[in-house]
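Please look at the sequence and the model below.

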Amino acid sequence: MDSRAAAHVLTQIATLIELHGDAPFRVRSFQTAARAVASLGAGELAVALEALDRALEDLAPEAQDVVRELVESNGSLLLESLQEQTPEGLLEMLRVPGLGPTRIRLIHEGLHIETLHELEQAAADGRLAALPRFGQKTAERIALGIAALREAGAFVLFSHGLAEAEARRAQFAAHADVLDVAIAGSVRRQCEVVRDVDLVAAVRGSPSVVAMSLAHSDGVREVIGGGGRTVSLRYHNGTRVDLSCVRPEQFALALWRATGSDAHVRAVIDYAHARGFTIAGDELRDAQGVLCAVRSEQELYAHLGLDFIAPELREGTDEISAASMHTLPELVQESMLAGALHCHSQYSDGGSAIAEMADAAIARGWGYLGVSDHSQSNTYAGGLSRDAILRQHDEIDALNADYASRGLDFRVLKGIEADILPCGRVDYDAAVLDRFDFVIASVHTRYGLNERQMTDRVLKALDDPHLTVLGHPTGRLLLTREPYAIDMGEIIAKAGAVGVAVELNADPHRLDIDWKLCRVARHHGTLVSIGPDAHSPQGLDHITLGVGIARKGWLSAEHVLNTRSARAVLAFARARRDGKRPADVLASFERSTERTRRAALG
Ligand SMILES: [Zn+2]
Ligand SMILES: [Zn+2]
């Protein structure tokens with residue numbers, strides 16, 4: 001590791017210690033260490049330290065330990081555990097200009113706010129100003145800081161972008177001359193992070209007159225571009241909105257164009273051109289120059305001899321050739337999910353009882369919910385001792401007996417989110433692991449390993465026959481932490497071969513694996529488990545985002561583990577422990593269900 005990167009690690013440690021409200025001297029000792037290490041210049045840290053001889057002696061012992069660790073292992077356990085203990089939304093708040101760790105802690109403790117979006121609302125409704133030592137001025141500065149972050153063209157999470165897009169759509173739809181408004185752009189394409197909001201409106205009368213009128217909507221600070229029927233607006237909260245107003249007959253084509261991506265739009269225009277059509281502005285003309293009616297996007301693609309391409313797929317990869325050969329996948333839908341396998345309860349770091357989580361799953365029409373609290377070595381998240389596991393299993397047995405007695409077709413599955421230890425072992429011994437219906441294994445420590453070490457670590461875990469799902473496989477936190485170094489091609493291939501599903505963790509901060517890796521999983525026949533990683537009943541809503549990413553990754557119901565029934569999932573999880581191939585077990589299970597179904601139909 002070079003000295004600058006090491007200084008950055010030390011600064012992050014200082015920031016997070018301050019965020020957690022630890023003793024100021026500890027914060028200062030890491031800040032001092034960061035400055036000392038930064039002064040060593042751009043070279044390799046180990047080399048610089050050797051040349052200096054005794055350079056570390058003035059630093060606090062704890063900081064010295066971290067520097068030594070950085071030399072030896074390229075990473076810091078202290079930083080990793082601090083990051084794990086910090087809610088992702090707070091890490092995100094650190095990006096807001098002018099908002100420091102101490103203020104973030106006061107906000108978190110005083111208002112229980114954990115996301116940028118909640119913070120913005122609190123700034124607007126006066127709660128922030130009412131906090132001790134804050135006041136109106138500070139609240140306004142923080143609101144401006146969030147606006148500046150957006151204005152810098154900074155990306156925000158998809159979930160924030162969607163909320164903003166829906167608010168603007170509702171606002172424009174209320175205008176007397178607006179007939180229809182649709183969300184377009186990267187939000188419609190389900191991109192995991194977005195930087196602006198695109199909307200298309202079908203209007204009565206002159207599009208440019210209506211566009212000008214909408215540019216004066218509440219909350220708009222300035223018109224930053226466009227003119228005529230297309231305008232770019234900057235809102236007071238920093239959001240940039242690109243709005244196109246069109247006549248109703250142009251709406252479908254305008255929506256298609258504004259949805260993008262640029263690569264997809266260009267490729268379709270070229271494809272049309274090669275077949276004698278022209279797409280210019282919001283019009284499609286055939287080889288004779290006759291205007292073609294385009295009442296929907298379906299019609300646009302149909303004119304060109306293409307199957308409809310769902311917005312999520314429009315990234316300019318190979319979707320057009322697949323549409324021309326009628327080989328586009330039938331994409332998975334949320335209604336096709338039969339249950340989910342990843343959530344936390346009060347037994348570890350979740351906020352709710354198992355029964356409450358289960359009720360929320362029943363309300364969604366699911367047939368099962370897999371509870372997967374943290375494992376014993378994960379002490380910062382309240383990992384479960386052997387005794388706690390036994391108690392939890394008794395509680396689940398009682399709940400399941402109750403559902404059965406009420407004739408409910410629902411069951412709670414006994415799972416665990418076991419740490420993959422640095423050596424590649426799955427936490428707990430085989431006797432304990434045998435007690436679970438399914439096992440998720442995840443990396444929660446030592447992110448700093450190099451690519452070979454990390455890949456080998458996870459490959460080794462895949463050899464454990466208890467393993468059912470590899471949890472959040474790359475460890476990324478969107479906008480705050482890069483994926484760790486790992487060869488996902490190798491991991492996904494092996495997971496498919498041995499019969500472990502890879503997770504698509506649907507936490508809005510993770511969305512891990514990403515959509516490109518979903519395509520890799522599909523290629524290798526590796527099943528994907530869409531997991532909400534919920535820590536509360538509302539957290540089950542994450543599943544919607546996960547399905548969006550799965551669709552973007554070309555997945556159909558057959559590629560997703562949790563479109564299967566509880567019995568099929570249990571059979572899949574058991575297979576390797578019984579010395580069978582999970583894929584065979586699942587296939588024979590599905591054949592027999594198909595026979596029963598046909599027999600039932602007569
Ligand atoms: Zn986890
Ligand atoms: Zn989890």
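## The zinc site and its strand

In this predicted model, the zinc ion (ligand 1) has three kinds of entry in its protein donor list: Glu 417 (OE), His 444 (NE2) and His 472 (NE2), lying 2.2 Å from the ion. Donors are N, O and S atoms within 2.8 Å of the metal (3.2 Å for Na, K and Ca); water is not among the atoms, so sites may look incomplete. Along the chain, the spacing of these donors is E-x26-H-x27-H. Glu 417 also coordinates the zinc ion (ligand 2), which is 3.6 Å from the zinc ion (ligand 1). Because Glu 417 lies in strand 13 and His 472 in the loop between strand 15 and helix 22, the pair ties together parts that are 55 residues apart in sequence. Helices (H or I, at least four residues) and strands (E, at least two) are DSSP runs, numbered from the N terminus. Both Glu 417 and His 472 are buried (under 20% relative accessible area, with a 1.4 Å probe and protein chains only).

Two strands pair if DSSP finds at least two bridges between them.

Three bridges join strand 13 to strand 14, and Asp 419 stands opposite Ser 442 in strand 14.

Residues are numbered from 1 along each chain as written, while chains are lettered from A and ligands numbered from 1 in the order written. Local features need pLDDT of at least 70 and side-chain atom pairs count only at pLDDT 80 or more, while totals for chains, interfaces and linings use all residues; side-chain values use heavy atoms, without hydrogens and water.

Methods: Buried means under 20% relative accessible area, exposed over 50%, partly exposed in between (1.4 Å probe, protein chains only).
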